[in-house]
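Visitor: I would like a close look at the part where the two chains meet. Could you walk me through that contact?

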Amino acid sequence: MSKMKSVYGEPKDNYSAKLRTKSIILTIWFIFLTVICLLPIYILLVNATRTHAQIAVSFSAIPGSNLVNNFKTLANDSNFKLAYDALNGYKNSIFITVCSTFLTVFFSALTAYGMHVYDFKLKDISYTIVLLVMMIPMQVTSAGFVSFMAQIGLTNTYWPLIIPAVAAPSVVYFMRSYMQSSFSLSIVEAARIDGCSEFRTFVSIAIPMMKPAIAVQAIFAFIASWNNFYTPNMILINVKLKEKTLPMMVSALQSSDKLKDYGAIYCAIALSIVPIVIAYVFLSKFIIAGVALGGVKE
Amino acid sequence: MASAAQRRIKSISYAKYGYIFILPFFLVYFFFQLWPLINTFIVSFHGNGANVNDFVGFENYKVLLFGGGRREAAISKTFFNSFGNTLILWIGNFIPQIALSLSLAVWFTEANLKIPGKEFFKIVMYLPNIITAASVAVLFLQLCGQSETNPGAVNQILNKLGIVGYDAASKKYDVVPLIEGTTQSRVMVMFIQTWLWFGNTMIMLMSGIQGINPSLFEAASIDGATSGQVFRKITLPLLSPILSYTLVTSMIGGLQMFDIPYLFHNGQIVNKDLKTIAVLIYEYFHAQADENKMGYAGAASVLLFFVTLVLGCIAFYMTRDKDAAAKKKQRRKMAKQLKKESKQFGGFSI
């Protein structure tokens, strides 16, 4: 017994003690990373409640009491009025985002359904095309996109921001993978025997069955469209302030030299970030599960 | 797929519905993505500014890649600088990001570590990824403010830590130029990009690790492997397809880096040390009327397209379904053989 001890030491105690130290060190490291992740957002929220003078003098971790005044500056100051209009920003962003999210999930589900359920000559080719074009980034086609939109006179309208949402290759890929694993064709046959038309089968049988996949993809499409700055900035070249999207307005805060009130600037940034953070708090479980699903591409 | 009865009655075919269902996707794809892509190629063979409608052949490519006169040489130099900036910013954000995400993914999936609130940590670390990048850029611009009299929060914190000096007599801070300095601004952009994306990469890698057969980890721990050995001998080799996929998608994403470098500057002009290729293309086609450089924008886009295409093909090759591909090959071979045999007997199948 004593010999074994000298060779192996105190195996059990040693092992669990090591694990405990490692766990503690890692927990501290995770807390540190959490602080790094949240600190910029926290400073944003704190500074949104302080006056310009307070922000300029020093940094503070305790919220101030100037939030209402910052709001008033944002709404009434003539320089801010020229660059930032939160209400119309929300309205435009929500309109574009809701339309394009709906189009993305509906038509992606439709395309995936067509490719999964029916047998036709171009089935395999069309799927391969979807896979191939998944990787082409927007930036590559943007020069041609803008010049084409200018030719047909669609610049400065919302159409080029909404209609392209119909063709979302990566969403089609995801939905088709989902259907392959959990949508049986015998249901379609049963519906046919009962005299259900093909489109009705899709709307009232396939869509309800695909709800989990649709929910996940809708969330991601919503976030992507809400955060999109590149396309609107490129298409809405010279529109009035009240037709701009929210990210465009926030980015205008950066280039103007006339905006001097830091408190109001922080407040304006907070207005664009807070709604999506609140939505995230409620949907985080879904979102993280969705990212994990998309990650397994083997 | 089709039932026996259907096979006998050939007249019922649902193929047309297949075409109808996938038609909207391909129509919109053609008009809003494929045609713009072709149009980019067309534009790249045409002139700039007022000569937008003149055909100039490969002139734009020649200028971008080899320069020429004084004005052309400047354009070529900006182009290569932008490629260099893109590369620097991408490498500087990818290495810390993958190191951080990989280590976090391994630690989060290690079953015998007792860490409270794993779910909470995951949720918080993914949070930056969903925030509007444009807002993030403007936020960090405020935080990094480098005005000597009223600096941003970062400089104020550095002042409290004793790194940034404060001259009480002139009431001026000895600020770090986080926005205008070459290295400092690049480091800031790398930091912001890492901050935005490490949570996403971490969750993807985590789901990859969870896909590895758990009995392998069990066997390793019974054999007395340390966690370092498990990582090197099991996790890393089995994760390599997903890792290389992450690498390639991140590269393609890095080539498109736009929001943060485009907005991270004071005043009107984009910081030349942060000008990525996407920003360059955007500036070229966005200039007003006669000053636009549509041709150069098109040519730069086409070059970018070919780089992306190569990277995309690599990703496609690495993530394809290997078993399905092999099966398909075999099936085709069998069909060929059958055809050959039937020919030998004068076209009659036996």
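Guide: Between chain A and chain B the count is 1 salt bridge, a term used here for a side-chain nitrogen of Lys or Arg within 4 Å of a carboxyl oxygen of Asp or Glu. A salt bridge joins the side chains of A:Lys22 and B:Glu110, at 3.3 Å from N to O. Helix 2 of chain A, residues 11-48, gives the most to the side of chain A that touches chain B, with 18 residues; helices are DSSP runs of H or I with at least four residues, numbered from the N terminus.

Before going on, a word on the model: it is predicted, so local features need pLDDT of at least 70 and side-chain atom pairs count only at pLDDT 80 or more, while totals for chains, interfaces and linings use all residues. Residues are numbered from 1 along each chain as its sequence is written, chains are lettered from A and ligands numbered from 1 in the order in which they are written, and side-chain values use heavy atoms, with hydrogens and water left out.

Now the contact as a whole. Chain A brings 105 residues to it and chain B brings 99, where contact means heavy atoms within 4.5 Å. The two chains bury about 9300 Å² between them, 73% of it on carbon and sulfur atoms; buried area is the accessible area (1.4 Å probe) that two parts lose on being put together, summed over both. In chain A, the residues that lose the most area to chain B are A:Phe30, A:Met135 and A:Gln254, together 8% of what that side buries.

B:His265 sits in the loop between helix 11 (259-263) and helix 12 (277-286) of chain B. With a relative accessible area of 6%, B:His265 is buried (under 20%; exposed is over 50%, partly exposed in between, with a 1.4 Å probe and protein chains only). A polar atom of the B:His265 side chain lies 3.1 Å from the backbone oxygen of B:Ile269.

Methods: Helices (H or I, at least four residues) and strands (E, at least two) are DSSP runs, numbered from the N terminus. A polar contact is a pair of N or O atoms within 3.5 Å; within protein, one must be able to donate a hydrogen and the other to accept it, and residues adjacent in sequence count only if both atoms are side-chain atoms.
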